Amino acid sequence: MASYQYIYTMKDLSKSYPGRDILKGVYLSFLPGAKIGVVGLNGAGKSTLLKIMAGVDTEFSGEAFAAKGAKVGYLPQEPQLDKDLTVGENVEMALKETKDILNRFNEVSGRLGEDLSDDEMNDLYAEMGDLQEQIDAVDGWSLDRQVEIAMDALRCPPADSPVDSLSGGEKRRVALCRLLLEKPEMLLLDEPTNHLD
């Protein structure tokens with residue numbers, strides 16, 4: 001995790017639509033580990049503020065930036081899931097990079113049984129060593145178990161469930177599960193309890 005004084009900073013931020021100021025002259029600085037709630041009436045600009053912080057909305061004046069190296073995770077009011085994937089596949093998207101490294105490790109391992117030159121064999125062993133270090137660094141060997149624990153903790157539907165059969169609350173839990181597995185340093189949740197029992 002990166003080391004910084006403020007995880008997020010806004011300086012004189014303003015956002016307007018024709019005939020209406022949504023945000024005006026906002027100054028904010030958040031320390032790492034802070035838990036902040038944004039409260040206001042409907043239409044007061046809460047979602048707009050979060051979209052700016054997430055980097056989704058870039059049309060504003062002033063400054064708004066996360067600390068260098070800080071990973072920002074954002075759960076919108078209506079999270080989007082890939083309807084062509086199952087619940088489990090949507091959740092696993094959070095760990096795609098690790099899954100790709102594991103797949104490459106398995107490919108390299110499979111090639112070790114081939115008839116290769118000494119140089120080719122040495123190159124494969126070197127790549128395997130690099131891949132193993134990357135997998136060890138993120139506890140990638142237990143990837144399936146991490147997904148299972150997270151899905152169970154958030155009471156997600158079965159992994160093989162189609163996304164288009166889910167209720168609003170189930171979709172929200174699946175999206176939140178995926179987001180938490182990404183392990184962001186800053187987590188932005190817009191109406192996090194919508195549709196949840």
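How many salt bridges does the rule used here count? The count comes to 7 salt bridges. The rule asks for a side-chain nitrogen of Lys or Arg within 4 Å of a carboxyl oxygen of Asp or Glu. Side chains of opposite charge can pair when their charged atoms come close.

The model is predicted: local features need pLDDT of at least 70, side-chain atom pairs count only at pLDDT 80 or more, and totals for chains, interfaces and linings use all residues. Residues are numbered from 1 along each chain as its sequence is written, and side-chain values use heavy atoms, with hydrogens and water left out.

Start with lysine 15. Its salt bridge partner is aspartate 57, and the closest N and O atoms are 3.1 Å apart. This pair links distant parts of the chain, 42 residues apart. Lysine 15 sits in strand β1 (residues 8-17), while aspartate 57 sits in the loop between α1 (46-54) and β3 (61-66). Helices (H or I, at least four residues) and strands (E, at least two) are DSSP runs, numbered from the N terminus.

Are these two partners buried or exposed? Lysine 15 is buried, at 6% relative accessible area. Aspartate 57 is buried too, at 13%. Buried means under 20% relative accessible area, exposed means over 50%, and partly exposed lies in between (1.4 Å probe, protein chains only).

Now go to helix α3 (residues 96-111). Lysine 96 and aspartate 100 both lie in this helix, 4 residues apart, about one turn. They form a salt bridge, with the closest N and O atoms 2.7 Å apart. Aspartate 100 is partly exposed, at 37% relative accessibility.

Next comes arginine 111. It forms a salt bridge with glutamate 114, and the closest N and O atoms are 3.3 Å apart. Arginine 111 is partly exposed at 32%, and glutamate 114 is partly exposed at 40%. Salt bridges that share partners also join Arg104, Glu107 and Glu127 into one network.

What about the cysteines? A disulfide is a covalent bond between the sulfur atoms of two cysteines. Here the cut-off is a pair of cysteine sulfur atoms within 2.5 Å. The structure holds 0 disulfides. For cysteine 156, the closest cysteine sulfur is in cysteine 177, 4.2 Å away, so the two are too far for a bond. Cysteine 156 is buried at 14%, and cysteine 177 is buried at 0%.

Finish at strand β5 (residues 186-189), where leucine 189 lies. Leucine 189 is partly exposed, with a relative accessible area of 30%.
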